[in-house]
Amino acid sequence: MYWASLGDFLAMGGHAAFIWPAFAIALIALFGLGLLSRWGLTAAEREHALARREAGRDDSSTGADA
Amino acid sequence: MLHALANPARFLRLMAAIRPWAAGVAVLGLGIGLAWGLLYSPPDYQQGETVRIMYIHVPAAWMGMFIYAAMAVASATALIWRHPVAELVAKASAPAGAAFTLICLITGSLWGKPMWGAWWVWDARLTSMLILFFLYLGYIALWEAFDDPARAGRAAAILALVGAINLPIIKFSVDWWNTMHQPASVLTLEGPKIHPDILWPLLITALGAKGYYVWLLTVRVRAEILKRQARILRFAAATDRRAG
Amino acid sequence: MSAFLAIVARDLRLGFGAQGAMLTTLLFFVLAVSLFPLGVGPEPQILARIAAGVIWVAALLAAMLSLDRLFQTDQEDGTLDLLAQAPLPLGLVALAKTLAHWLTTGLPLSLIAPLLAILLQMEGDAIPVLLGALLLGTPSLSLIGAIGAALTLGAKRGAVLVPLLTLPLVIPVLIFGVGAVEAAAYGLSAGPHLLLLGAFLAGALALSPLAIAAAVRLALE
């Protein structure tokens, strides 16, 4: 463990104002994109189920429920 | 194998099988890699602690370039063999590539401020990343510019290939341009020579980032396939109703 | 070959007309360049220092202006379908149209650039190199731009998209174009830069008709 105390760790040698935002922005961006994609998938699933019901065909050949 | 994947149903089943593993690699890789970089690796004798930004900056740069290459390969497959799913894989990859490139630019800027006192430095690599980011935006914008997805898919595939051919030339010209206007003392972003304590966290984080990309791909490609099938079903239903 | 020239002649007639692309492109170029002294200030040293960059960036933007209409008008009135059945392969049709586009935009821009270079206090012996570099570089702008124009055929807001798709791809032309002029201004040899511009042009001449033809074929389906 490189750091002596939690305080040192958070201070990051005086550069906390640059290091923490860098990591925060990166993780928020990745997490946000992941979330957006998940919502996009649920919307697509609903749209697909709706379209299949409308078409009256219940073929599961599309492997939609895999 | 390639043509086996052309069948969306089989492709969806493969994606569903991969997803938990990709999620695992992503969480573990990013978690361990970044923790190692932040907690255990030594600071740089010159830059001090700011070098730790490298553990997110460098993998993001690698991913930005890796994903564009993957998009070019998927686009070539889509164009040459009319592979329907490959187009959607390329479309699903673009947002991830753009995100990683943007992360690389932002973290590069946050790294540059304490080191050179400037939020943006026209370093050769950062400049190439900025251009790569524009290529991603152009690709995504082209997809959105058409009503008919099939038309958009092939146009975007051509653009991705044209971009991929031009990228090395752009990289070469930017590197040359940078040496021409090289201020004497600019410390390159690479900074410390890569010795194990620094290399391992980088590689683990990069692996985690790849896991994240694959996981995101399984989610986004599935959504694209389902949307396309819904569109076809609705289209077929509409024509049946008109015919009936 | 006569079909090739026929297409070029037809586009030239359209381009040179009053509402053709040439006039608007030239006016934009001259106007954009003359704005810089007003913005940056008239000091000769500063203007001379940025002259090459200003002229090249303005030439790049001016070339982008008329690109989106390159195939659009033909598609709207159906001539694109006729051109596709011409005895010429689609790649050569694309090359003919791109050549006509260059003759109505790139060439006039290059010919008027020395005048603007004087406006911007550029070094005397750098001006011929500027003309040479522009003559070598602007065809590449038309070739790569034509790919963007073909790709956005039938797209919503195609006109906005063409610069977004094309400008990142022509950055090498900008860098070596300006590099050549600055080398001449500092008394160095502009040879290598011009050679690289020529190499880029050769590559673009060989490859972009393929991409343009593929993109146009998409629009014809």
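1. In chain B of this predicted model, helices α2(B) and α6(B) cross in a right-handed sense; a crossing is right-handed if the near helix is turned clockwise from the far one by less than a right angle, and left-handed if anticlockwise. Helix α6 of chain B spans residues 196–243, and the two helices pack at an angle of about 45° with their axes 9 Å apart. Axes here are lines fitted to C-alpha atoms, for helices over the stretch in contact, and angles run from 0 to 180 degrees between N-to-C directions. Helices are DSSP runs (H or I, at least four residues) and strands likewise (E, at least two), numbered from the N terminus.

2. The α2(B) side of this contact (heavy atoms within 4.5 Å) includes B:M54, B:Y55, B:W62, B:F66 and B:A70, and the α6(B) side includes B:D197, B:I198, B:L202, B:K210 and B:Y213. By class, the contact of α2(B) with α6(B) consists of 16 nonpolar, one polar and two charged residues. In this classification Ala, Val, Leu, Ile, Met, Phe, Trp, Tyr, Cys and Pro count as nonpolar, Asp, Glu, Lys and Arg as charged, and the others, Gly among them, as polar.

3. Helix α2 of chain B (residues 54–80) also meets helix α5 of chain B (residues 149–180), their axes coming within 8 Å and crossing at roughly 130°. That angle makes α2(B) oblique to α5(B); angles under 35 degrees count as roughly parallel, over 145 as roughly antiparallel, 65 to 115 as roughly perpendicular and the rest as oblique. The crossing of α2(B) and α5(B) is left-handed. Among the residues in contact are B:Y68, B:A72 and B:L79 of α2(B), and B:R154, B:I158, B:G163 and B:L167 of α5(B). The class count for the contact of α2(B) with α5(B) is 11 nonpolar, two polar and one charged.

4. As to the fold of chain B, its secondary structure comprises six helices and zero strands. The C-alpha atoms of chain B fill a box of roughly 75 × 40 × 30 Å along the principal axes.

5. Which chains share the most contacts? Of the two pairs of chains in contact, it is chains A and B. Their contact takes 38 residues from chain A and 42 residues from chain B. The area buried between chain A and chain B is about 3,700 Å², with 76% given by carbon and sulfur atoms; buried area is the accessible area (1.4 Å probe) that two parts lose on being put together, summed over both. A:F18, A:F23 and A:L30 supply 18% of the area that chain A buries against chain B, more than any other three residues.

6. Between chain A and chain B there are two salt bridges, a salt bridge being a side-chain nitrogen of Lys or Arg within 4 Å of a carboxyl oxygen of Asp or Glu. One joins the side chains of B:R222 and A:E45 at 2.9 Å, N to O. Over all chains the structure holds 15 salt bridges. B:R222 lies in helix α6 of chain B and A:E45 in helix α2 of chain A (residues 16–55), so the pair joins two chains.

7. At the other interface, 29 residues of chain B are in contact with 30 residues of chain C. About 2,300 Å² is buried between chain B and chain C, and carbon and sulfur atoms give 76% of that area. B:R151, B:I158 and B:W176 supply 22% of the area that chain B buries against chain C, more than any other three residues. The salt bridges between chain B and chain C number two. C:E221 forms a salt bridge with B:R154, the closest N and O atoms being 2.9 Å apart. No contact joins chain A and chain C, whose closest C-alpha atoms lie 24 Å apart.

8. On conventions, residues are numbered from 1 along each chain as its sequence is written, while chains are lettered from A and ligands numbered from 1 in the order in which they are written. Local features need pLDDT of at least 70, side-chain atom pairs count only at pLDDT 80 or more, and totals for chains, interfaces and linings use all residues, while side-chain values use heavy atoms, with hydrogens and water left out.
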